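Subject: Structure handover and notes

Dear colleague,

I am passing on the structure we spoke about, together with my notes on it.

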Amino acid sequence: MPDAARIYLDHAATTPMLPQAVTAMTEGMMRWANPSSPHADGRAARAMLEDARARIGKALGWSGHIIFTSGASEAIAIALTRNIADRIVTSPVEHDAVLRVTPGAKRLAVGADGVVVPDASDAAVQAIQHVNNETGVIQPLAAIPHLFADCAQSAGKLPLPDADMIAISAHKFGGPPGIGALLVKDLTQLRPSGGQEQGYRAGTENLPAVLAMAAALESPRDWMDAAARLRADLDAAITDAGGEVVAADSHRIATIASYRMPGISARAQLIRFDMAGISVSAGSACSSGTLKASHVLTAMGWDAAAAGEVVRVSFGPHTGADDIARFMAAWKAIRG
């Protein structure tokens, strides 16, 4: 868990492991056999792995195939680089993990509200993020053919969209880092690579992490309504204090919000918030210690100066009203 003296409001980057996941992972570490080994120990490990796979599918409401990966980034790479489709189109507000593996791809239009405009007539695979990791905007993904959805920020919090393939990452919903999955309706849409996971992902399966991911997904999500109220309260407080809520009128997930503090750079804000004992992140990506303009905000029509004044606040199961009050006090102190 985070330091009790600090306030952690960066759950969209990673969230602490749930106690249930820690227990499951600890128990899994005692199951040291390779699930691919044919002997009794290996068969026992395989049985636990497949049981966890079934539990994950049930928790997510997914009846298709589940390929375990090291996280959403690897799941995205498998889905988009080994897809048999002739073309892949995506949007300019996707996570860097999508943009890196789709150079030169057609980019769908996106509005000032952060909502992507899919092309229902396009026969290409459309790679669209379910929940944007910077703005929290929930994309309307119903009835999109040939859909690959990056659900790193929504899995375990919202019902999954109806998609042909979905990427998830355990450390976003209380599981451990280094484990995720690619959910696939029809494996014939992917070129196999050999090895484990039905020939679609090589490497010994990480049984302890898989067990922890299953336990995290089975944990209660009864805190989301409280998060929605906190986010709404913070939106209102930011607006009243002269700030700007990114995509304020869009349908957004309860756990992510981005705010602009006019006249104060995101870099300066991060330093001041950190000094105040509050962990948040920039609305722009961090690369080699330098902030670069957010491609998400740029695609939404923000100019570089305004985009450079945005920070992201993201909530977890233990975020409370006192945390939001302390954040707002710091925000007002920084604004002056």
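The notes below go through a helix, the nonpolar cores, the salt bridges, some loop residues and a cavity.

Before the details, please keep in mind that this is a predicted model, in which local features need pLDDT of at least 70 and side-chain atom pairs count only at pLDDT 80 or more, while totals for chains, interfaces and linings use all residues. Residues are numbered from 1 along each chain as its sequence is written, and side-chain values use heavy atoms, with hydrogens and water left out.

**Helix H5 and the cores**

Helices (H or I, at least four residues) and strands (E, at least two) are DSSP runs, numbered from the N terminus. A residue is called buried when its relative accessible area is under 20%, exposed when it is over 50%, and partly exposed in between, using a 1.4 Å probe and protein chains only.

A nonpolar core is a set of buried Ala, Val, Leu, Ile, Met, Phe, Trp, Tyr and Cys residues joined through side-chain atoms within 4.5 Å. The largest one has 55 residues, and those with the most contacts inside it are Ile56, Leu60, Ile166 and Met213. H5 gives the most to this core, with ten residues. A second, separate core of 32 residues includes Ile7, Ala254, Tyr259 and Ile324. Returning to Ile166, and leaving aside residues up to four places away in sequence, its contacts include Trp62, Phe148, Leu160 and Leu183.

**Salt bridges**

A salt bridge here is a side-chain nitrogen of Lys or Arg within 4 Å of a carboxyl oxygen of Asp or Glu, and a search of the whole structure finds 14 of them. One of these joins Arg53 to Glu50, with the closest N and O atoms 2.8 Å apart; the two are three residues apart in helix H2, and are therefore separated by about one helical turn. Arg53 is buried, with a relative accessible area of 12%, whereas Glu50 counts as partly exposed at 31%. Both belong to a network of salt bridges that links Arg46, Glu50, Arg53, Glu197 and Glu205.

Elsewhere, Glu244 forms a salt bridge with Arg260, the closest N and O atoms being 3.4 Å apart. This pair links distant parts of the chain, with Glu244 in strand E10 (residues 244-245) and Arg260 in strand E11 (residues 256-260), 16 residues apart. The side chain of Arg260 also meets that of Glu309 in a salt bridge of 2.8 Å, N to O. Because Arg260 lies in strand E11 and Glu309 in the loop between helix H9 (304-307) and strand E16 (310-314), the pair ties together parts that are 49 residues apart in sequence. Glu309 counts as buried, at 12% relative accessibility, while Glu244 is partly exposed, at 33%.

**Loop residues**

Which residues have a positive phi although they are not glycines? Ala143 has a phi of about 65 degrees, and Glu197 has one of about 55 degrees. Ala143 sits in the loop between strand E6 (125-129) and strand E7 (147-150) and is exposed, with a relative accessible area of 77%. Glu197 lies in the loop between E9 and H5 and counts as buried, at 5% relative accessibility.

Ile138 is also placed in the loop between E6 and E7, and it is buried, at 13% relative accessibility. Not counting residues up to four places away in sequence, Ile138 touches His130, Val131, Leu158, His251, Arg252 and Ile253.

**The cavity**

On a 1 Å grid over the protein atoms alone, a cavity is a set of points where a 1.4 Å probe fits but cannot get out, and lining residues have an atom within 4 Å of a point. Grid points are joined across faces, edges and corners, and a volume is the space filled by probe spheres set on the points. The structure holds one cavity of 30 Å³ or more, and the largest cavity has a volume of about 110 Å³. Of the 18 residues that line it, the closest to its centre are Thr15, Lys157, Lys172, Trp223 and Phe315.

Best wishes

Terms used:
Contact = heavy atoms within 4.5 Å. 1 Å grid on protein atoms, 1.4 Å probe; cavity = no way out; pocket = protein on both sides within 12 Å on 5 of 7 lines; lining within 4 Å.
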